[in-house]
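Here is a walk through one protein chain, written for someone who likes to know how each term is set up. Please keep the viewer open and follow along.

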Amino acid sequence: MPTSFANGGNTLLLTTTTAKPAAARTTSLGYVRRGDSLQVVASSFGTSELPDWYGDLLAHPVVGVEIGTRTFQALAIPAEGATPDELLVVLEPAVAESPREVRTLADKILEVHDQLRSQLGLVTADVDAHFAALAAHEGPGAPPAPGLGFQIRQRCLAFCQGLEFHHTSEDGHLFPGIARYHPHLTDVFDRLRAEHRTVARIQDGLVALLADLGVAEPPRFRAELAEMTTELNAHLDYEEEVILPLVAEVPWPPAPPPAQRATP
């Protein structure tokens, strides 16, 4: 392991999510800082297997990082071209800090929508750059790798998992809660749930294409991503039009329930 990673003065706690069953795993690792990102090493120490936490982040790219008293979420991206027994992993901020002031439930919904749009935009930019690099290669020298690569995979998987969590929360909690006060909007909630199913179908297709980077089909992925962009943006626009006015006065975070009076 490089000396800079082994230095005990630069250590962090990395919390990953195990696959089955889902549970938190926390590992102490040495790190180095590169601009806004951190780098850690997944080492097999001469064996044929990389550490368990590396497998975790391939399934769940968003990880928890603790350095001293600071904790934050990061997107874990394996660096390409590393040696088989020592793999560099880059940890970059999972989402950009939102400048939006969140005081109501409507503000919170907009903040989540902003993050989803931003994540999808980053994936699209990476995919466009991938195709531009392939098209621009001329003359001698090795061309860029034809596959999608880990950066696109991890960004897209993190976006898809965040989107699934958001829509599941809306279907299970937000929409039923609002519907109790607005029973006349049954058609609106039926349409929103149907759009969730459409987006989920496209999302499943993207995740399936990323299952094996070695056989992924970049043109098909690009087409699926374009369909996701069209469907999701239309859905978010409609949801903001019909839902935000209904929750514009609901405070966020919600007030804690009143303390129950003790029984004598």
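In what follows, Ala, Val, Leu, Ile, Met, Phe, Trp, Tyr, Cys and Pro count as nonpolar, Asp, Glu, Lys and Arg as charged, and the others, Gly among them, as polar. This is a predicted model, in which local features need pLDDT of at least 70, side-chain atom pairs count only at pLDDT 80 or more, and totals for chains, interfaces and linings use all residues. Residues are numbered from 1 along each chain as its sequence is written, and side-chain values use heavy atoms, with hydrogens and water left out.

Let us begin with the overall layout. The protein chain has six helices and seven strands; here helices (H or I, at least four residues) and strands (E, at least two) are DSSP runs, numbered from the N terminus. Along the sequence, these elements follow the pattern α-β-β-β-β-α-β-β-β-α-α-α-α. Of the 264 residues in the protein chain, 39% are buried, where buried means under 20% relative accessible area, exposed over 50%, and partly exposed in between (1.4 Å probe, protein chains only). If you take the contacts (heavy atoms within 4.5 Å) between residues at least 6 apart in sequence, 66% of them join residues at least 24 apart.

Now turn to the nonpolar cores. A nonpolar core is a set of buried Ala, Val, Leu, Ile, Met, Phe, Trp, Tyr and Cys residues joined through side-chain atoms within 4.5 Å. The largest one holds 24 residues, of which Phe159, Phe221, Met228 and Leu232 touch the most other members. Helix 3, helix 4, helix 5 (186-209) and helix 6 each give two or more residues to this core, and helix 3 provides the largest share, six residues. There is also a second, separate core of 18 residues, with Leu12, Tyr31, Leu38 and Ala74 among them.

Not counting residues up to four places away in sequence, Phe159 touches Leu116, Gln119, Leu120, Met228 and Leu232. Phe221 sits in helix 6 and counts as buried because its relative accessibility is 0%.

How many disulfides does the structure hold? There are zero, a disulfide being a pair of cysteine sulfur atoms within 2.5 Å. Cys156 is in no disulfide, and its nearest cysteine sulfur, that of Cys160, is 4.1 Å away. Cys160 is likewise in no disulfide, with the sulfur of Cys156 as its nearest. Cys156 is buried, with a relative accessible area of 0%, and Cys160 is buried too, at 2%.

Next come the pockets. They are found on a 1 Å grid over the protein atoms alone: a cavity is a set of points where a 1.4 Å probe fits but cannot get out, a pocket is an open set with protein on both sides within 12 Å along at least five of seven lines, and lining residues have an atom within 4 Å of a point. Grid points are joined across faces, edges and corners, and a volume is the space filled by probe spheres set on the points.

The largest pocket has a volume of about 1,100 Å³. It is lined by 33 residues, and those closest to its centre are Val112, Gly162, Phe165, His166 and Ser169. Helix 3 (105-136) and helix 4 (150-179) are the elements that give two or more residues to this lining, and the largest share, 12 residues, comes from helix 4. By class, the lining has 17 nonpolar, 12 polar and four charged residues.

Beyond residues up to four places away in sequence, His166 touches Val112, His113, Leu116 and Glu239.

Another histidine, His235, lies in helix 6 (residues 218-247). His235 is buried, at a relative accessible area of 1%. Leaving aside neighbours within four places in sequence, His235 is in contact with His167, Glu170, Leu192, Glu195 and His196.
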